[in-house]
Structure formats: C-alpha cells, structure tokens
Amino acid sequence: MLKGSVDVVERQDIRFAILGSFECWIGERMVPLRGPLQERLAACLLLNRDRVVPVSRLIDTVWEDGGPNTAPHQIRKMTSDLRKRVPGLAERLTTLGAGYRMSIPDERIDTGLFAGALLDAHRSLDARDLKAAATHLRQALGQWRGPMLDGAGGPVIQALGAALEERRQNAVEQLFDIRLSLGESGGLIGDLREAIASNPGRETLRGQLMRALYASGRQAEALSEFQVIRKFLDAEYGIEPCDELVELHQRILRNDPCLNETGSVSQGPAGLPPASSAVETHPTTLPYALPDFIGRAKGLDTIFRAGAEPARSAARGLRIILIDGMAGSGKTTLAIHAAHRLQDAYPDGQLYIDLNGFTPNREPLETHRALGILLAALGQPRSGVADNLEDRIDQWRAATSNLTMLLVLDDVRGATQIRTLLPSSPKCLVLVTSRFRITGIDGASVVPLDMMSTTESIALLERVLGRDRVAAEQDAALRLVDQCGHLPLALRISAARLLKNSHWSISRLVERLSGETRRLPELKDEDRSVLACIKCSLDALEAEQTTALQLFCLHPGEEIETYAACALTGLGLYETEAIVESLLDLHLIEQKSADRYSVHSLVRACVIEALGDVRDERQEAALDRLTAHYRQTIIRAVDLAFPAHNRICTGLPDYLGATPELRGRDAALAWLDAERHNFLPALISAAGRGRHGEVAEAARDLVYYFHLRGQNDALFETATLARNSSESCGSPKLLRASLVNLAVACWRLGGIDKGLHYLYRALSEAQKERDVEDEAVCLSRIGSFYATIGEGARAEEYLWRAIAAHQASGNREEEAEARSTLSAILNDLESYEKAAEQAETAISINRELSSPRNLTMALMNLGVAQTGLGVHQEAISNLAEALEWNGRLGGSASQALILARLVPAFHHAGRRGSAADFAHRATEVVDAPDTPPAHRAVALNLLGEHGLRIGRPAEARARFTRALELSENLALLHERTRAAAGLADVRKAVGEHEEP
C-alpha cells in the first residue's frame, strides 16, 4: 500500500516551495492552503522532513505567543485538513507518538533542490570544473524567490530561514569568485554593486568588487571601494577592515600581477573563509540579524576582542561572554548581531539555542533536551544520540573537542543551566544572554547592558523611521525616548507602530503614552509586549522579593537609598541589602551609585498596575515608616549642618529603624545633597496622606538647607509645604516659623510684597500668642524687607524694635542678624561709621556663639563700610573672609554679591588687576539660578559703576539697564535710583544729552 501511495504522489508530481511565498503544486495545478497558520505548520514539517516533529514544536512555530489553550487540538485539525487538501499526502504525513512526520523526497521541495545543487557545485569544484560549478550554483540560487514564507513565518521559521539565507549569500559570493576566476571581471561589476547595496557590510563582496574593478583596468575605483568599506565599518561598528582586505588593498596599490591570474578559484580576496565553504555543510542556526542594529559599541568591542582570531586565543582557553540586562534591553539582538559579524572566524559552525529561562508559559529547557538539540544541529543522527544525560554530555564534549565553533546560549536562567552545554574546544566562543547576573561561570567576561543613551535611542528611531521624520519632530522624539525609558524593546515597538501608522505624528504617539494607565497597553505590537516581557521577570521572584519590589515602587522620589529601603521593608540593614542584591541580580532595580538604587519607569508601571489603586495596610505602614525615617534623618542632618538653628519640637516619637550614621557637618550636607530629589516628593506624598505633624517639622528644618544652597524654587515649595502642614496639624509655633520662612522664599524669588504679607500675618499671630521671641523675629525680617526696597526709615524703626526685643528674650543670634541688616541700611545711607559699628557688633556676637550662619553677611557689610571709609586693605580682608566663609558653608546665593563688593575695594586700593579679575568672576555667577534677584540688582549696579571707572561705558550701560529693569520689577527703590544715576553718568561720559 505504501509503495502504491508513493506512486500516486510521484504520478501526480507533488511539489512544495517555501523559499518565498508558500506554494504547493500537483502537476500544473496550485493547491492553496487554509491560511498562514497552516502554511507555517506545513513549512515546519517540510524543513524537518523524515523526522518526527513534536506537537509542542509545531505550536511554537504556528503561534508566536504559545497559542490558545486549544492549540494542540487545532494542530491536529490543521494536520488532518492538510492531508485531505493535498492529494496523495495522507500516506506521506504520518502520526508517530506525540508528533508528526512528513516524508517528501529532496527533489520535491525547493530547499532540497537548493541543497542538492550546492552539493553538486562542491563536487564540481573538487573536480576543478569551474564552469559546471557555476552552473550548479546558478541552479541553486534559481530556487530562491525571497525570504522563507515571504518573511511572515514567525520566529521559528525565521531562525531556520536565517541559516538558509546565510548559505544563499555564501553561494552568491562563491559564484562571483568562480566568475572572477573565469575572467568575467567586466561583466561582474554591476552584479556586485547590486549585491553590495543589499549587504553593504559584507567584506567578501567588497573584496570581489575591488578585484573585478582592478582586473578591468579601473585601479583608482578599486582603491576607492576600500575607503568606502573602511568608512562604513568604522561608522557602524567602530572597527577596521579585516587583515586580508587590507592586504588586497596593498596588493592593488603595488599592481600585483598575480591578481589578474585566472583558471582557479581564489582563496578569498579578503581572506575570509574560501568561497567553497558556501557549499559545505557546516551548521548555522543563528536567527537573522537586525539590519537596523544601532549602538552598543562598548559591548561589541568586548565581544569582538574576545572572539577575534580563535586559533591564537586557544591558549587562553574557552572564551565565554555573559551578556546580562533588564528584560527588553536588547541582549539577544546584541548577541546575534555579534555572532553574525564573527561568523567567518568560526568555520565549524555557529549554533543558537533558546533555553527559555524567562519565556512565558514555558519551563526552562532542560540540559538533557538542550544537548539533544545541539548534537542534532552538529549532524548527529537522532538514533545516535544517547538517552541518559551523562552519555549526552560526553557525546557533546567529544563532538566539540576539535571545533572552531561559535555558540549562542540565549535566555539563560542561571549558571547550572549552561555549565554542561559549554563546548570543550578552547577555540570556541560562547555568547550567553540572561536577565540574571550570572556569577557562577569562572573565567567568563561580562557585558552588562544598561539602557540606551539618548543619542543611541534617537539614532534607533532614525534608522527605523528615517532621519527626516525624526528631525521634523525633534522635541517629540526626545519625549518619546523618555517615555520608553530608553528601553530598546519599547523603542522598537513604538517605532514599529509609527511605521505602520505612517499618518501618525510622533507627537500623537507621545500623547497616547502620556497617561500612566495607558502607557503599557500602548507599548504592544503584534506578539511583542513590554508588559509581558517584564512580567516574566516578575514571575520569577520569590514572595519576599515581590513584596520588597512593590514597596520600592511606592517611593515617590527618583532614587531609593539603602536606609529608605530599610524603612519601606521594615527589615534590618543586612536583610534589606540581601533583598536589594537579589533584585539587582534580576535587573529589576538599577544601581545608580553606592547604596542608591532606582526602579526603571516601565518596571514601576508594571508593578503599580498589578497593585491597583487601593493600598493595603502593609503598604500604608511602609510609607509611614518612610516618612518617619525622613523626618528623623532630616532633623539630625540639619542639627549637624546648622547647630545654632532654633529647633521646634512637636513631641512625635522617634523612628526606631536603621538610619545613616552622619558624622559631622560635611556628612550631613552630603546626605542632604544626595537625597534632595527624594525627601521632598516623599514629604509631599506624606502630606497627602495626612502625616502633617511629621511633614511640618521636617519641611521647616529643610528651609535652612535650601536657603544655604540657594535653591530658591525648592525653598519656596518646602516653605509652602511647611506652612500648609503646620496649619493642618494645629501647631501655632511651627506655623509662625513657616510663615517667616515662606516670606524669605518669596524675597529670594523677587516677591517682596507677598513676603511682607506673610511676615505681617506671622507678626499678628505672635502678638496674639504673646510670643516675644517670635515677635522679635518678625520685626527683624520686616525691617530687612523694607531695607531691600529702599525704605530706610521704616527699616531702621523695625530693626531697632527687633534688636530691643531680641535682647529682652536673650536671642543673641537673631540680634546679630538684625544688627547686620541695620548695617546694610546705614551703608546705603552712606553712614559708614555707624554701619561699621553695627557690623562689628554682629560679628562679635556670631564669633562668640560660634555661629557662622550670619557671619558671612556681617563681614560683607563691614567690608562695604570700610570701603566707604577709605580703609581699603581692611575692607578687602573682611570681604575676602566673607567669601571664604560663604564657600566653607557650602552656600552660593551670596557669591555674586560678595565678589561684586570686592571690585570697588580693590579698585580704590589701587589694585586694578585684582578688581578686573573679581569683576570677571562676579559676571560669571551673577545670573546663576541661586542668586536672589535683589542681590543680582545690587551686583549689576556695582559692575556698572566699575565699567564707568575703567572707561567702558557700553558695558556699564548694559549692566545699569538690567539693574534698572530688575529694580523696577522688584520695587527696589534704592537700587532703582542708583541704576538711573548710573545711566545718567553713562550718557554724560559719551556726550549724550538728556531727553526732555
């Protein structure tokens, strides 16, 4: 019966073609299949003809996402329909165990004809019959109509198709080599240029074109082609052409007569493997390499240095490269790209195997099965593969003992999964990809993959979408890159969607991605999904790791410090560090610096989506611990950095968890600097949850830090937060302090009228409560504000009242600040002796109290008074000390003003060079963001006056003009008058007349 069936098939002349679109022919009649899924099934059976293909593998081939729950049943239905649909196929398509086997002769399928023609070409070459070999190669290439199943076969078919595509490309190069040897150089040039246009990085093709041009008498063009490939390789990969192509270039330069010899096949102009290797059967199972690969120069360099010249590297032993990174970071893409680039250096085979370490709905591939796949790829008959694991390991080691082979082990779960898969030959290279930081493979090199840089991310969009489309929406492209978190998978999905929806603008996709709840659903395209990809990593976590990651994702700041992590988990330092390390190993959190970590925005989105909108008691308790941690550590840091500041205690209990050990002022400021982008969002979040007492106390203390650093926007935000929380928690003392701080913040931002409003409110509250100390502070600040806007008389009134109240309450530090401010007013009134007296008293009090906070301004005011009194050397000394204290305290807000005050002191002391130097330094920082507008106006007037003194009226005019605009906007009466007078002096200096 079987023989009769075979006769029926042969009589009906059944033929299949899969190199291009799927075709099935019975004689002259084409038999259509049901659709793409059945075509994938048939192609998989044909590619594995005469072998049993398990149903599980057919499912993986037909459906890229593992298929529906009914997938096994649908495979059976499709197979049954295939038998009925194609006459005579029923006896050829048999069921064996849990799989199916297709028995079709090689001559009935284009892939078989392709392989057979290549074998015939190989035999003809062995017989030195070049014309026959060329004929057979043309026959082989004639089977090719396009990518297997027109490129729509899914990942499994694409991987198999990539291997055949590489054999086709080798056959093309072999045919060119033969035609060159037969003297067809002139007629080859056009064909070679067409082939290079499709494969611009193939050095063999470029070398053949150089030989063809040279043989045609076009030496200059041949040399030019070398420069073209050299520039291409440098731009794309940062490498030079291979040694053999360089040698060919040198031979052309020398007019080597041997290059014109014909009659035998060259061993490769670029020295790449002889073109005859195209018809040899070395196994290649690499998936296709992305044509638009971009970036990863550092990783490629590591791989290329390890993978180059395997024979020379053999003395160092087997080379193993571990590529690890977050889900979707492009590990597999990098490994495959590098493997294709190194393919010619490993002539005994290039194997790829997916170990399914983190594949959804699949268990990791067992060593036993993986060894079977690898041995089969090396040509071991299935019947010859050992059944037990130990014998398979021995077979694998024996089979690879003398090979120069490249092996890609993709999606590895851990070291134990791959140790026995490593080949035994020292001439092999193994590329391993994993989401897990593998440390158990001794001697391996590690290539950690971070997110793409902004430049690389934009370049990827340009490669896919075209430079013009990206250039037309540069800002939107940058926002898209940020929304994708610089994650290659997210970028590729976004680019693919824009490519598919060509009518979309980039801005439209940015808008669709802008909502937190919409981002993950939008980052999905056909079988690719950022959510599904990251979820595989999340599913690999233990319960304790999952809980910790969920809590870390609740942190509202940019980074998570180790002690903040302790607060969130409620665990001790060492237990928390162990959990953090395990999450780092899985690339679910990123290490930003020592003891500081972050959660990638897309990982956070995945976790938050799983948590939902409602927080449970455990999460609320974690956030409460975080708030308590920040409150206590902020208070401790501010106490160390500003020891003389006035603490306001609320009686809240101490936080009992682990906190950083802050030793001294420098350590306290360093912690505040490092955490400034974290504790403020955390306090704002805590206020939203009603933790007003802790927020008010911490925020009130933080204003000292932001004031020192000159971070005016943060100062205003913190002072506003402190005011609101103080009102909510019902603490009159904290409220008054917060109103004063908010007023200062308004002054720093130029809102003097608003600041006075808050000060008068604070004064009213203090008088109601009969709090003499707070009343004195309010009087002092009101006096300072009036002094700023040039109302000297009112300022003096409030400041003398403040000084008397401070003396009565015993608050000597505030008394010193009030006297320093009074000194500044007296300087503006040119009452320099009285100004010096008040400044000296303020300095004396600050030195007595060892309180440097107000010492800087008192020293500066004394220097100004001494400049007015003509004692310039003393003035310079005090101003220089003020500048030194300003730097020592870590402040920057007063820097421009002190530098500008030094300019007239040096000038009048006759030290014109020093005056010019300090004028230049002041100019550089006068527009710094942390320079208060009022200070900026004073400094600009001082610099304008210096410009007039040294005969630069144009420079002076520009400075006075800016000072006038600032003074008018801020209602600074004294500085406005000063700027107007300066402009009048400028007009007089240049001979201009006053306008009527």
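This is a predicted model: local features need pLDDT of at least 70, side-chain atom pairs count only at pLDDT 80 or more; totals for chains, interfaces and linings use all residues.
Which residue in S11 stands opposite Ile323?

1. The five-stranded sheet. Five strands form an open sheet in the order S8-S9-S10-S7-S11, and their pairing is parallel. S8 and strand S11 (445-449) are the edge strands, and each pairs on one side only. On average, neighbouring strands of this sheet are turned by 15° against each other, direction ignored.

2. Pairing of S7 with S11. Strand S7 covers residues 319-325 and is joined to S11 by five bridges, the two strands running parallel. In this pairing, the residue opposite Ile323 is Val447 in S11.

3. Pairing of S8 with S9. Five bridges also link S8 and S9, again in the parallel sense. Here Leu351 has Leu407 of S9 opposite to it. Although S8 is an edge strand, four of its five residues are buried, so S8 is largely enclosed by the rest of the structure.

4. Helices lying across the sheet. Helix H14, residues 331-341, lies across S7, S8, S9, strand S10 (429-434) and S11. The angle between H14 and S10 is about 165°. Helix H15 lies across S8 and S9, and runs at about 155° to S8.

5. Which residues of helix H16 (residues 389-399) are buried? They are Arg392, Ile393 and Trp396. These residues cover an arc of only 100° around the axis, which puts them on the same side of H16. Glu390 and Ala398, on the other side of H16, are exposed. The buried residues pack against strand S8 (350-354), helix H15 (367-377) and strand S9 (406-410).

6. The start of H16. A side-chain oxygen of Asn388 comes to within 3.3 Å of the backbone nitrogen of Glu390 at the start of this helix. Glu390 is also one of the exposed residues on the other side of H16.

7. Thr400 sits in the loop between H16 and S9. Is Thr400 buried or exposed? Its relative accessibility is 0%, so Thr400 counts as buried. The side chain of Thr400 has a polar atom 3.4 Å from the backbone oxygen of Arg397. A polar atom of that side chain also lies 3.1 Å from the backbone nitrogen of Ser424. With neighbours within four places in sequence left aside, the contacts of Thr400 are Leu378, Met405, Pro423, Ser424 and Ser425.

8. The three-stranded sheet. Another open sheet has three strands in the order S1-S2-S3, with antiparallel pairing. Its edges are strand S1 (14-17) and strand S3 (29-30); each has a single partner strand, so one side of each is left without a neighbour in the sheet. S1 is joined to strand S2 (residues 23-26) by four bridges, and the two run antiparallel. Ile14 stands opposite Ile26 in S2.

9. Helices H24 and H28. How do the axes of helix H24 (residues 530-539) and helix H28 (residues 601-611) lie, and at what angle do they cross? They come within 10 Å and cross at roughly 80°. H24 and H28 are therefore roughly perpendicular to each other. On the H24 side, the contact is made by Val530, Leu531, Ile534 and Leu538. H28 contributes Leu602, Val603, Cys606, Val607 and Glu609.

10. Two residues with positive phi. Most residues other than glycine have a negative phi. Arg128 has a positive phi, near 65°, and is found in the loop between helix H5 (110-126) and helix H6 (130-142). Leu149 also has a positive phi, near 55°, and its place is in the loop between H6 and helix H7 (154-181). Arg128 is exposed, with a relative accessible area of 73%, whereas Leu149 is buried, at 8%.

11. Ala989. This residue is found in helix H45, residues 973-989. Its relative accessibility is 55%, so Ala989 counts as exposed. Ala989 and Ala919 are 70 residues apart in sequence, and their C-alpha atoms are 21 Å apart in space.

How values were computed
Residues are numbered from 1 along each chain as its sequence is written. Side-chain values use heavy atoms; hydrogens and water are left out. Buried means under 20% relative accessible area, exposed over 50%, partly exposed in between (1.4 Å probe, protein chains only). The arc is that of the directions from the helix axis to the C-beta atoms. Contact means heavy atoms within 4.5 Å. A polar contact is a pair of N or O atoms within 3.5 Å; within protein, one must be able to donate a hydrogen and the other to accept it, and residues adjacent in sequence count only if both atoms are side-chain atoms. Two strands pair if DSSP finds at least two bridges between them. Axes are lines fitted to C-alpha atoms, for helices over the stretch in contact, and angles run from 0 to 180 degrees between N-to-C directions. Angles under 35 degrees count as roughly parallel, over 145 as roughly antiparallel, 65 to 115 as roughly perpendicular and the rest as oblique.
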